[in-house]
Amino acid sequence: MNLAEVLPEGRCRIISAAEEHRDFQSRLYALGLYPGAQVDVLHIAPLGDPLQVRIGHTLLSIRRQEASMVEVEVVDEGLHFELPVLEIPIAAKPPYSMH
């Protein structure tokens with residue numbers, strides 16, 4: 001899986017970054033995107049590009065194309081929704097009667 005495929009609010013760990021592009025890899029490493037680093041995907045722009053991620057205390061926006069060069073393993077998939085359970089009491093007798 002690559003960084004561009006991680007859902008918002010997901011957490012992942014970097015396995016490798018731009019192995020085929022050493023010059024770009026150096027730039028990613030300087031930004032904190034290196035193997036073993038934990039990344040939180042915070043937001044994806046409305047049109048899908050760029051992604052906002054957090055590495056430690058650093059916020060970073062990265063293009064989807066560049067994020068696709070970063071191989072990751074997912075730690076937490078993100079976007080977990082828990083629907084509230086509504087408990088509606090059922091009365092034994094209706095509070096009024098119709099005659």
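**The hairpin and its surroundings**

Tutor: Let's start with β2 and β3, which run antiparallel and are joined by 4 bridges. This is a predicted model, where local features need pLDDT of at least 70, side-chain atom pairs count only at pLDDT 80 or more, and totals for chains, interfaces and linings use all residues. Residues are numbered from 1 along each chain as its sequence is written, and side-chain values use heavy atoms, leaving out hydrogens and water. Strands here are DSSP runs of E, at least two residues, and helices are runs of H or I, at least four, both numbered from the N terminus; two strands pair if DSSP finds at least two bridges between them.

Within this pairing, Ile-44 sits opposite Leu-51 of β3. β2 and β3 make a hairpin with 6 residues between them, and Gly-48 in the turn has a positive phi of about 90°. Pro-50 belongs to that loop, between β2 (38–44) and β3 (51–55), and the Asp-49 to Pro-50 peptide bond is cis, with omega near 5°.

On β2 there's also an antiparallel link to β1, with 3 bridges; Arg-11 has Asp-40 in β2 as its bridge partner.

Glu-9, in the segment before β1 (11–17), has phi near 70°, while Ala-18, in the loop between β1 and α1 (22–30), has phi near 45°. Most residues other than glycine have a negative phi, and most peptide bonds are trans. Glu-9 counts as exposed because its relative accessibility is 56%, whereas Ala-18 is buried because its value is 0% (buried is under 20% relative accessible area, exposed over 50%, partly exposed in between, with a 1.4 Å probe and protein chains only).
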